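Hi everyone, thanks for coming. I'll walk you through one structure today, so please have a look at it while I talk.

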Amino acid sequence: NNLRVVTLDGPAGVGKTTLAKRVAQELSIAYLDTGAMFRIFGWKFGEAAPTMTEEELEAHIAQYTFSLSGFGFDSVLSVNGTPVGDEIRTEEVAALASSVAKLPVVRTALKRVQREISTNTSLVAEGRDMGTVVFPSAKYKFFLDATAEERGARRFKQLQELGQPADLELIISQIKERDKQDRTRTIAPLIPAEDAHIIDTTELDIDGVFTAIMQFFAD
Ligand code: C5P
């Protein structure tokens, strides 16, 4: 089909992943989780990154090859042939991801990988700079937003449902900290593309946001 790329950007905890997968499923195209790429790097060498030279960073980055297969809910992102697992889904890894995400060498490398993946398949690309930097000419761009308090409350509820310990105040402060880091960095800061459809999800549930997005594909 001729959709090519749909971009879905926004801050932490806004529901991007759930929505991006659903939109990809509905459109029968692949789903690309670009946050997972930064998380892998954060997890693998995030602690050491601040003290590395550009050459050292490049040498680390060169050890990882990403590939994407399947579509919709069954999209699978792999690193060196192994599907990305749940070990990167912690707030510690997210914070490390956010700190490596400030580094120009890291961003340049991942931008190249992300564009290359898009040459083989149509996709919904989820991240922070998909509409602004990586796919500026994408036809469909969305930017989801919600207050930090609302995003924190959703995350809190999720953890409670999983029976995991959760501290609402702590979650909100971690979200605000990561937002600040993502919005204020010099390269590719979190900001809506000029031509993105901005959807405030504070008062909407997942179905409401999904419907709002799909209206743009009505014809
Ligand atoms: O989306 P997710 O929470 O998994 O992303 C983790 C971190 O990776 C973000 O906080 C952000 O710093 C970084 N990131 C980015 N650009 C993207 C996707 C994620 O800088 N396109």
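Let's start with two helices that touch: Thr-18, Leu-19, Arg-22, Val-23 and Glu-26 in α1 meet Ile-206, Val-209, Phe-210, Ile-213 and Met-214 in α9. Sorted by class, this contact of α1 with α9 has seven nonpolar residues, one polar and two charged. Oh, and keep in mind that this is a predicted model.

As for handedness, the crossing of α1 and α9 is right-handed.

Now the second pair, α4 and α8. Their axes also come within 10 Å, but here the crossing is at roughly 15°. Angles under 35 degrees count as roughly parallel, and therefore that's what we call α4 and α8. The crossing of α4 and α8 is left-handed. On the α4 side, Glu-91, Ala-94, Ala-95 and Ser-98 make the contact, and on the α8 side it's Gln-174, Arg-178, Gln-181 and Asp-182. By class, that contact of α4 with α8 has two nonpolar, three polar and three charged residues.

Which helices each supply at least two residues of the shell around the ligand? They are α2 (34-45), α4 (91-100) and α8 (168-184). The one giving the most is α2, with four residues. There are 15 residues around the ligand, and the ones that come nearest are Gly-35, Phe-38, Ser-98, Ala-101 and Gly-127. By class, the shell around the ligand has six nonpolar, four polar and five charged residues.

Last stop, the strands. Strand β3 (residues 66-69) and strand β4 (residues 76-79) run antiparallel, and four bridges join them. If you want to find the pairing on screen, look for Ser-69, which stands opposite Val-76 in β4. What do β3 and β4 form together? A hairpin, with six residues between the two strands. In the turn, have a look at Gly-70, which has a positive phi of about 75°.

How values were computed
Residues numbered from 1 in each chain as written. Predicted model: local features only at pLDDT ≥ 70, side-chain atom pairs only at ≥ 80, totals over all residues. Near = placed C-beta within 6 Å. Nonpolar A, V, L, I, M, F, W, Y, C, P; charged D, E, K, R; others polar. Pairing = 2+ DSSP bridges. Axes fitted to C-alpha atoms, helices over the stretch in contact; angles between N-to-C directions. Parallel < 35°, antiparallel > 145°, perpendicular 65-115°, else oblique. Left-handed = near helix turned anticlockwise from the far one by under 90°. Contact = placed C-beta atoms within 7 Å.
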